[in-house]
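Work through these exercises with the model open beside you. Try each task before you read its solution.

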Amino acid sequence: MTASRAKFGAAAQKEFKGKLPLPVPRRMGPNALKYVQEVVDSGLTSDMPDRFERWFAQRMGVKHCIGTPGCTAALSVLAAALRFAPGDEVVFSSITDYGTVLGFVRENLIPVFADTAPGSVNVDARTIEAALTDRTRAIVVVHKTGLMCDMDPIVALAKKRGITLIEDACQATFSKYKGRLAGSIGDAAAFSFDSEKTVGADMGGCIITNNDALAESARLMGHSRAGEMRANFGRIHVAPGYPYRMPMCTAAITLAQLEVADENVAKRDRMIRVLYKKFAEIPGITPLAIPSYQDVYSCWMAGFNIDPKQFKISVDDFAKQVEEAGIAGAGTGRYYLMPAALPFLTKAAREQTYPYSEPPASRRIDYTGDTCLNAQAFLETFIRFSTFNDQYTEDHCQIAADIVRSVADRNRK
Ligand SMILES: Cc1ncc(COP(=O)(O)O)c(C=O)c1O
């Protein structure tokens with residue numbers, strides 16, 4: 001039997017139906033066509049990617065923004081730009097998307113997954129500290145669903161240990177932690193403007209940083225395929241760099257979408273709080289907790305845990321019934337448990353093939369869900385839907401809550 005291939009972006013949401021507004025087709029910023037027209041009229045000499053980079057860096061309050069074709073690409077470029085040695089370890093949130101990890105694996109670095117904090121979708125300083133070793137060079141935290149990790153203790157830990165701190169702000173564009181924007185807190189951050197994300201453009205993304213040397217390294221490794229010019233010869237490639245520049249038309253659409261993002265994020269923030277309040281009133285349902293330090297929750301994905309002891313059906317059947325009743329895309333999220341979702345890494349680590357051989361690795365690593373028990377337990381009862389979007393009104397929140405309540409009530413023990 002051939003396994004079915006995963007779908008991404010708008011294609012992943014195209015078949016969705018239900019009683020609630022859907023994120024795709026996207027509503028486009030009013031200037032989208034004008035900016036694309038500028039690119040076309042320029043005969044592809046437009047400075048649109050630079051304009052996007054300047055706009056985003058200024059908005060984020062950072063020195064550098066480096067446009068890429070996506071967040072997977074942004075993190076791959078960062079992984080290459082950091083120039084760590086094969087076998088060095090990078091600590092990641094255990095609940096995330098494969099795009100967080102891929103680029104680091106390609107650099108022959110060893111991902112180490114930190115457990116999430118008990119009952120949370122995110123890591124914290126304590127769970128990260130437990131995953132650090134002498135070989136750890138970087139920490140990549142993920143602000144999952146747009147909920148921010150508690151950054152102050154994580155920044156303090158990274159500083160104390162002299163480790164680079166990267167934020168995967170892919171799901172959290174314009175979320176705020178104690179007044180600070182997601183992505184502006186660590187040493188560098190990566191964003192996604194994928195069509196289904198909060199600022200949905202196409203397959204766009206970027207890196208931001210205040211570190212001049214890292215920005216220069218990222219441009220060399222990510223935009224120039226590490227190509228340098230030599231007199232009397234021409235271009236040489238000083239490392240295996242990428243051609244991951246942000247395309248002009250993607251920059252045009254991203255810019256237009258960013259111009260309307262504040263309004264959209266404010267709606268997401270308002271409505272997710274309304275929705276979660278309603279979910280919390282349903283016995284056996286616990287919505288994701290919004291920490292008090294989070295001033296703006298730019299929610300990309302909504303979700304709740306169920307108490308399986310209170311219901312006579314499985315979590316999967318609960319999710320299925322919620323979807324059938326009208327919340328498109330409702331499902332479990334077990335596949336986000338990274339140590340259980342990458343069988344090729346499990347195999348390499350078990351067989352100790354490069355870079356898991358010693359050296360360059362300095363210890364044995366195992367990838368199974370059992371290495372991150374909090375994350376595993378959390379995802380066993382978690383139901384999420386990434387169709388939550390900025391068109392939700394209070395009435396829609398009521399419809400969504402009524403759906404969950406009716407599924408809960410008819411399946412109570
Ligand atoms: C947390 C996280 N990081 C990275 C990525 C990869 O982003 P992109 O699709 O822009 O490559 C995703 C995509 O969903 C994600 O959710």
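**Exercise 1: The faces of helix H2**

Helix H2 spans residues 32-41, and its buried residues are Ala32, Tyr35 and Val39. The model is a predicted one.

Task: Work out how the buried residues of H2 are arranged around its axis, and find what they pack against.

Solution. 
1. Look down the axis of H2. The buried residues fall within an arc of 80 degrees, so they line one face of the helix.
2. Recall the general rule. An α-helix has 3.6 residues a turn, so residues three or four places apart point the same way.
3. Turn to the face away from the buried side. Lys34, Gln37, Val40 and Asp41 are exposed there.
4. Find the partners. The buried residues of H2 pack against H3 and H9.
5. Step just past the end of H2. Glycine 43 has a positive phi of about 60 degrees.

**Exercise 2: A residue in H9**

Task: Decide whether alanine 256 is buried or exposed, and list its contacts beyond its neighbours within four places in sequence.

Solution. 
1. Locate the residue. Alanine 256 is part of helix H9.
2. Count around it. There are 20 other C-beta atoms within 10 Å of alanine 256.
3. Apply the cut-off. A residue counts as buried at 20 or more, so alanine 256 is buried.
4. List the contacts. Setting aside neighbours within four places, alanine 256 touches Met28, Gly29, Asn31, Ala32 and Tyr35.
5. Phenylalanine 388 is 132 residues away along the chain, and its C-alpha atom is 21 Å from that of alanine 256.

**Exercise 3: H3 against H9**

Task: Describe how H3 and H9 cross, and classify the residues in their contact.

Solution. 
1. Two packed helices are described by the angle between their axes and the distance between the axes.
2. Read them off. The axes of H3 (residues 48-60) and H9 (residues 248-259) come within 8 Å and cross at roughly 35 degrees.
3. The crossing is left-handed.
4. Name the residues. H3 brings Met48, Pro49, Arg51, Phe52, Trp55 and Phe56; H9 brings Met248, Ala251, Ala252, Thr254, Leu255 and Leu258.
5. Sort them by class. The contact has 10 nonpolar residues, one polar and one charged.

**Exercise 4: The buried side of H15**

Task: Find which residues of H15 are buried and what covers them.

Solution. 
1. List the buried residues: Cys397, Ala400, Ala401, Ile403, Val404, Val407 and Ala408.
2. View H15 down its axis. These residues fall within an arc of 150 degrees, so they line one face.
3. Check the other side. Glu394, Asp395, Asp409 and Arg410 are exposed there.
4. Identify the cover. It includes helix H10 (261-280), strand S12 (285-287) and helix H11 (315-324).

Methods. Residues are numbered from 1 along each chain as its sequence is written. This is a predicted model: local features need pLDDT of at least 70, side-chain atom pairs count only at pLDDT 80 or more; totals for chains, interfaces and linings use all residues. Axes are lines fitted to C-alpha atoms, for helices over the stretch in contact, and angles run from 0 to 180 degrees between N-to-C directions. Helices (H or I, at least four residues) and strands (E, at least two) are DSSP runs, numbered from the N terminus. A crossing is left-handed if the near helix is turned anticlockwise from the far one by less than a right angle, and right-handed if clockwise. Two residues are in contact if their C-beta atoms, placed from the backbone, lie within 7 Å. Ala, Val, Leu, Ile, Met, Phe, Trp, Tyr, Cys and Pro count as nonpolar, Asp, Glu, Lys and Arg as charged, and the others, Gly among them, as polar. A residue is buried if 20 or more other C-beta atoms lie within 10 Å of its own, exposed if 12 or fewer, and partly exposed in between; C-beta atoms are placed from the backbone. The arc is that of the directions from the helix axis to the C-beta atoms.
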